[in-house]
Amino acid sequence: MAQQKQEPVWRIWVDTERRVVSFHEVEGGQLMEFRSYELFQSCIDRYTAQRYRYQ
């Protein structure tokens, strides 16, 4: 049986009311998962441009 290579998954939780992006689960945050690093980085850049805080 061949072992499958697991693709990395990048996760963030976004709270649009408080304008916070978190790298761990937070109450009120919407989970976003990415299987492409480029898409993940693009999303981070977009939230940075909108002046979201990170925690």
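Predicted model: local features only at pLDDT ≥ 70, side-chain atom pairs only at ≥ 80, totals over all residues.
Which residues make up the largest nonpolar core?

**View 1. The largest nonpolar core, nine residues in total.** Here you're looking at Ile12, Val14, Val21, Phe34, Phe40, Cys43, Ile44, Tyr47 and Tyr52. The largest share belongs to α1, with four residues.

**View 2. Val21 and its neighbours.** Zooming in on one core member, Val21, we find it touching Ile12, Val14, Ile44, Tyr47 and Tyr52, among others. Trp13, Arg53, Tyr54 and Gln55 are also on its contact list, which skips residues up to four places away in sequence.

**View 3. A salt-bridge network of Arg11, Glu33 and Arg35.** Glu33 pairs up with Arg11, their closest N and O atoms sitting 2.8 Å apart. This pair ties together distant parts of the chain, with Glu33 in strand β3 (residues 30-34) and Arg11 in strand β1, 22 residues apart. Glu33 also meets Arg35 through their side chains, at 3.9 Å from N to O. As for solvent, Glu33 is partly exposed at 37% relative accessible area, and Arg11 is partly exposed too, at 39%. Arg35 counts as exposed, with 57% relative accessibility.

**View 4. The Asp15 and Arg18 salt bridge.** The count for the model is three salt bridges, and this one joins Asp15 to Arg18, with 3.4 Å between the closest N and O atoms. Is Asp15 buried or exposed? Asp15 counts as buried because its relative accessibility is 7%, under the 20% cut-off.

Conventions: Residues numbered from 1 in each chain as written. Heavy atoms only, no water. Core = buried A, V, L, I, M, F, W, Y, C linked by side-chain atoms within 4.5 Å. Buried < 20%, exposed > 50% of the residue type's maximum accessible area, 1.4 Å probe, protein only. Helix = DSSP H or I, 4+ residues; strand = E, 2+ residues; numbered from the N terminus. Contact = heavy atoms within 4.5 Å. Salt bridge = Lys/Arg side-chain N within 4 Å of Asp/Glu carboxyl O.
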